[in-house]
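Me: I would like to learn how to read helices and pockets in a model. Could we go through one case step by step?

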Amino acid sequence: MSKKLEKNGLWESSRMMLPQHREALQNQRSDRPAPASRPTAEDIGVMRDYVLLPLMHGMIKKKASEIERSSETLRLLYARVAHALAAQIQADLSETKTKMMQRRIQLFEEEKNDREIHYRYACRGHEDALIIAKDYMRAEISVRTARYIDHLVASVYNAGKADEQKA
């Protein structure tokens, strides 16, 4: 014979699940939201861009206004190049904001000190902290600005070559 009642009051031999109960359990599990996925390396890169690009844009705009007020002989050239760099950075920042929305990422600044800035982010339900060192920011801004300058010079140079070939 089967065992009588166990501690929780169920018959030992009644471990069968009815099809209706199994279906109800599966429906209940499918209604639950998927567990929050950790951000990918690309998501972290988008967050870094979201932090660095506004800083770069502000620095370039500030330098452009300083150049415009200077007595430098080539100030008009320098100012126009700075404004072109700022425009490209602004376009990339707009693209980054769109990516943040598409990927459902939100970033909030929490704390600043002399060495680092603390951010809190929410990425598709996953929440965590992002800390960026100011030394890293300075170095990365310098490298990225150099890339923007190289890209701008290359586009001007290639446009000049195309004009020469047409003539």
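This is a predicted model: local features need pLDDT of at least 70, side-chain atom pairs count only at pLDDT 80 or more; totals for chains, interfaces and linings use all residues.

Me: Which residues lie nearest the centre of the largest pocket?

Reply: A pocket is read through its lining. Here 15 residues line the largest pocket, and Val51, Leu55, Ile117, Met137 and Ile141 lie nearest its centre.

Me: Which element gives the most to that lining?

Reply: Helix 2 does, with 5 residues. At least two residues each are supplied by helix 2, strand 1, strand 2 and helix 4.

Me: How do the residues of the lining of the largest pocket divide by class?

Reply: There are 11 nonpolar and 4 charged residues, and no polar ones.

Me: What is the volume of the second largest pocket, and which residues line it?

Reply: Its volume is about 170 Å³. The lining includes Met56, Met59, Ile60, Lys63 and Ile67, along with Tyr78, Leu85, Ile141 and Thr145. Helix 2 again has the largest share of the lining of this second largest pocket, with 5 residues, while helix 2, helix 3 and helix 4 each supply at least two.

Me: How should I read the length of helix 2?

Reply: Compare the end-to-end distance with the span expected at 1.5 Å a residue. Helix 2 covers residues 41-69, and its 29 residues reach 42 Å from first C-alpha to last, close to the expected 42 Å.

Me: Where in helix 2 does a kink lie?

Reply: End-to-end distance and local bend are read separately. The kink, about 25°, lies at Leu52, shortly before the proline Pro54.

Me: Which residues of helix 2 are buried, and what covers them?

Reply: Burial is read from the relative accessible area, with under 20% as the cut-off. The buried residues of helix 2 include Val51, Leu52, Leu53, Met56 and Ile60. Their cover includes helix 3 (75-102), strand 1 (105-112), strand 2 (116-123), strand 3 (126-133) and helix 4 (134-166).

Me: Which residues of helix 4 are buried, and what do they pack against?

Reply: Met137, Glu140, Ile141, Arg144, Thr145 and Tyr148 are buried. The buried residues of helix 4 pack against helix 2, helix 3, strand 2 and strand 3.

Terms used: Residues are numbered from 1 along each chain as its sequence is written. Side-chain values use heavy atoms; hydrogens and water are left out. Helices (H or I, at least four residues) and strands (E, at least two) are DSSP runs, numbered from the N terminus. The expected span of a helix is 1.5 Å times one less than its number of residues. The bend at a residue is the angle between axes fitted to the seven residues ending there and the seven starting there. Buried means under 20% relative accessible area, exposed over 50%, partly exposed in between (1.4 Å probe, protein chains only). Contact means heavy atoms within 4.5 Å. On a 1 Å grid over the protein atoms alone, a cavity is a set of points where a 1.4 Å probe fits but cannot get out, and a pocket is an open set with protein on both sides within 12 Å along at least five of seven lines; lining residues have an atom within 4 Å of a point. Ala, Val, Leu, Ile, Met, Phe, Trp, Tyr, Cys and Pro count as nonpolar, Asp, Glu, Lys and Arg as charged, and the others, Gly among them, as polar. Grid points are joined across faces, edges and corners, and a volume is the space filled by probe spheres set on the points.
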